[in-house]
Amino acid sequence: LEFRRVLFRSLILREAAPEPQTGTNVLVRSFFARVNESETLIDLTDLFLCATPDDRRPKHPEVWSCELPQRLAEAVDIIANQPQPVALGLRTHLSIAWYLGTRWNPKGHPPILLRQRSAASIDEIWDASTPTLPPSASDWSFDEPIVQGEGSDLALMVTVTHNVMTDALRAIDALDLSISEVHHAQLAVSNSSIQDGGHARWLANKLITTLREEVIRLQPASVHLFAACPVSFAFLLGQQADALGPTTVYEFAFGDSTRQYTPGMATGR
């Protein structure tokens, strides 16, 4: 009921505000983030503790598999019914952005713009409709795979904004995951390694194509994704998640000295 009340209030505010040049502004949030009057709000914070602006813990572990899939299915319908084009802002956990991407099939939904928050706290509009590698832009480097043993699954680590390797390997041991190989894709670590939407789409396409070859070779039961990247990039990866099969995306404990990764959203359960 509260979700619908907040959404209805935000719709009234959006209709009263001038239409932005980039299209209808939609904000999806799962932790503290301010809302502008021009935004349609899809609020998921009731599922998380949010005791402080940095507190991103779910109220219970089943939030990821029970409440959120249904709420995000409803979010897709809300976004699709907004006046097009939509400029989508994601102030969410990484796995939520990824999962929302899995539900926004580019063949079945209209094109969408992504409002990616920059290091200067300014929204940059990402138009990811056309993959482009700008001159001198970052490209992936791929480490040699780490063979873990006779496990049934594949681990993928994606380094963009910071290096995930140490913490992710620790999580694999702590969670006792059945991993056969670990693959690490990385850009030069920076908050600006991904220049724009076209670059993001190009990087997502290349990463999925490369990993898909490993999925075909290894035929893992599941893929485990540990990523440090912009949420908009996670959304684009999610749009191609079918190529990888069942996948779990892990959440990093921001602001917590444990530096733990825990399971977030998943497909194929």
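F48 and W64 are both buried in this predicted model. Their ring centres lie 5.7 Å apart with the planes at 65°, so the pair is edge-to-face. The cut-off for that class is over 60 degrees. F48 and W64 both sit in the loop between β2 (39-43) and α2 (67-80), 16 residues apart, and the pair links distant parts of the chain.

A second pair joins W140 and F233. Here the centres are 6.0 Å apart and the planes stand at 50°, so this pair is tilted. W140 belongs to the loop between β5 (123-127) and β6 (141-142), while F233 is in helix α6 (residues 231-238), so the contact ties together parts 93 residues apart in sequence. W140 and F233 are both buried.

How many aromatic pairs does a search of the whole structure find? The count is six. One aromatic cluster is formed by F226, Y250, F252 and Y261.

**Pockets**

F31 and R56 bring a charge and a ring together. R56 lies over the face of F31, 3.9 Å from the ring centre. Both residues also belong to the lining of the largest pocket, where F31, R56, T92, V231 and F254 lie nearest the centre.

| Pocket | Volume | Lining residues | Nearest the centre |
|---|---|---|---|
| Largest pocket | about 1,300 Å³ | 49 residues | F31, R56, T92, V231, F254 |
| Second largest pocket | about 200 Å³ | 15 residues | P110, P111, I112, S129, R201 |

Which elements give two or more residues to the lining of the largest pocket? They are β3 (86-91), β4 (112-117), β5, β10 (223-228), β11 (247-252) and β12 (261-266). By class, this lining holds 20 nonpolar, 16 polar and 13 charged residues.

In the second largest pocket, β4 supplies the largest share of the lining, with three residues. The classes there are 10 nonpolar, three polar and two charged.

**Strand β2**

β2 is mostly covered, with five of its five residues buried. Cover extends to both faces of the strand. E39, L41 and D43 are buried on one side, T40 and I42 on the other.

Strand β1 (residues 24-29) runs beside β2 as its pairing partner. The two pair in the parallel sense, over five bridges. One of the contacts joins V28 to its bridge partner I42 in β2. I42 is also among the buried residues of the strand.

**Backbone exceptions**

Most residues other than glycine have a negative phi, and most peptide bonds are trans.

The peptide bond from Q84 to P85 is cis, with omega near 0°. P85 lies in the loop between α2 and β3.

S136 is not a glycine, yet its phi is positive, about 65°. S136 lies in the loop between β5 and β6. Is S136 buried or exposed? S136 is exposed, with a relative accessible area of 81%.

D176 is not a glycine either, and its phi is positive at about 55°. D176 lies in the loop between α4 (165-174) and β9 (179-186). D176 is exposed, at a relative accessible area of 67%.

Methods. Residues numbered from 1 in each chain as written. Predicted model: local features only at pLDDT ≥ 70, side-chain atom pairs only at ≥ 80, totals over all residues. Heavy atoms only, no water. Phe/Tyr/Trp six-rings, centres within 6.5 Å; stacked < 30°, edge-to-face > 60°. Helix = DSSP H or I, 4+ residues; strand = E, 2+ residues; numbered from the N terminus. Buried < 20%, exposed > 50% of the residue type's maximum accessible area, 1.4 Å probe, protein only. Lys NZ or Arg CZ within 6 Å of the ring centre and 35° of its normal. 1 Å grid on protein atoms, 1.4 Å probe; cavity = no way out; pocket = protein on both sides within 12 Å on 5 of 7 lines; lining within 4 Å. Points joined across faces, edges and corners; volume = space filled by probe spheres on them. Nonpolar A, V, L, I, M, F, W, Y, C, P; charged D, E, K, R; others polar. Pairing = 2+ DSSP bridges.
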